[in-house]
Amino acid sequence: MSLVLQSSGGGQVTIQEPTTASNFTQTLPAATGDVMVSGNMPAFSAYQGTSQTLTSGVYTKIALNTERFDTNNNFDSATNYRFTPTVAGYYQINYEVYGTTTSTITNFVGALYKNNSVYEYNIINNLNSSQAYSGSTLVYMNGSTDYLELYLQLQGTGTLTASSASGTTNFMSGVLVRTA
């Protein structure tokens, strides 16, 4: 026996019984507060479309100026290069920074900033002419004023560059995994 629910719009939902003699119970959660559906689960992916020249020893915000997708219009790829979600919750954030020089990099710091302060970073010393760092973290965002940005600091000689190769480096992506 099946249970069929008809919608006023013409669609339907069918609940099919199990094919075994066992009893099964399905408990549906109460729909209160923010319900996790595709319409309110922000997700984005943005990358640096063109390389940036860096000044040795200075933290520089990576211009993540190209979006692969931005489901809730929470990523600013035009001016601020930041993610500011409008749904409070816990976000899985992935990122990569890549720097090069025409000579030698002596210090490399890739950093994820939250609200203009370092949230997490990685320091790598005594390098050659290029270095990359990938990170992944879970971040609580309040859904109104919190924002995330990607920074890179290189110390070294020669022309220092935050390089980008068609979006395969210098990127940030994220998705809401649980509302607050």
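What percentage of the 180 residues in the chain do buried residues make up? Buried residues account for 39% of the 180 residues, where buried means under 20% relative accessible area, exposed means over 50%, and partly exposed lies in between (1.4 Å probe, protein chains only).

1. Basis of the note. This is a predicted model, in which local features need pLDDT of at least 70 and side-chain atom pairs count only at pLDDT 80 or more, while totals for chains, interfaces and linings use all residues. Residues are numbered from 1 along each chain as its sequence is written, and side-chain values use heavy atoms, with hydrogens and water left out.

2. Overall architecture. The chain contains zero helices and 15 strands; helices (H or I, at least four residues) and strands (E, at least two) are DSSP runs, numbered from the N terminus. Among contacts between residues at least 6 apart in sequence, 69% join residues at least 24 apart, a contact being heavy atoms within 4.5 Å. The chain exposes about 9800 Å², and carbon and sulfur atoms supply 50% of that area. Accessible areas come from the Shrake-Rupley method with a 1.4 Å probe; for residues, only the protein chains shown count as cover.

3. Salt bridges. A salt bridge is a side-chain nitrogen of Lys or Arg within 4 Å of a carboxyl oxygen of Asp or Glu. By this rule the count comes to three salt bridges. Side chains of opposite charge can pair when their charged atoms come close.

4. The network around Glu149. Lys61, Arg82 and Glu149 are linked in a network of salt bridges. Glu149 pairs with Lys61, with the closest N and O atoms 2.8 Å apart. This pair links distant parts of the chain, since Glu149 is in strand S13 (residues 148-156) and Lys61 is in strand S5 (residues 60-61), 88 residues apart. Arg82 also forms a salt bridge with Glu149, the closest N and O atoms being 3.0 Å apart. Here too distant parts of the chain are linked: Arg82 is in strand S8 (residues 82-83) and Glu149 in strand S13, 67 residues apart. Glu149 is buried, with a relative accessible area of 1%, whereas Lys61 counts as partly exposed at 22% relative accessibility.

5. The pair Lys114 and Asp146. The side chains of Lys114 and Asp146 meet in a salt bridge (3.8 Å, N to O). Lys114 lies in strand S10 and Asp146 in the loop between strand S12 (130-141) and S13, so the pair ties together parts that are 32 residues apart in sequence. Lys114 counts as buried at 18% relative accessibility, and Asp146 counts as buried at 9%.

6. Strand S10 (residues 105-114) and strand S11 (residues 117-125) pair in the antiparallel sense over eight bridges; two strands pair if DSSP finds at least two bridges between them. The bridge partner of Lys114 in S11 is Ser117. Two residues lie between the strands of this hairpin, and Asn115 takes a positive phi near 55°.

7. The side chain of Asp70 reaches the backbone nitrogen of Asn74 at 3.1 Å. Leaving aside residues up to four places away in sequence, Asp70 touches Ala43, Phe44 and Phe75.

8. Ser77 and Thr79. Ser77 is in the loop between strand S7 (75-76) and S8, and Thr79 lies in the loop between S7 and S8. Ser77 counts as buried at 18% relative accessibility, whereas Thr79 counts as exposed at 54%. The side chain of Ser77 makes a polar contact with the side chain of Glu67 (3.0 Å). A polar contact is a pair of N or O atoms within 3.5 Å; within protein, one must be able to donate a hydrogen and the other to accept it, and residues adjacent in sequence count only if both atoms are side-chain atoms. Not counting residues up to four places away in sequence, Ser77 touches Leu64, Asn65, Thr66 and Glu67. The side chain of Thr79 makes a polar contact with the side chain of Asp76 (3.0 Å). The C-alpha atoms of Thr79 and Ala63 are separated by 8.4 Å, the two residues being 16 residues apart along the chain.
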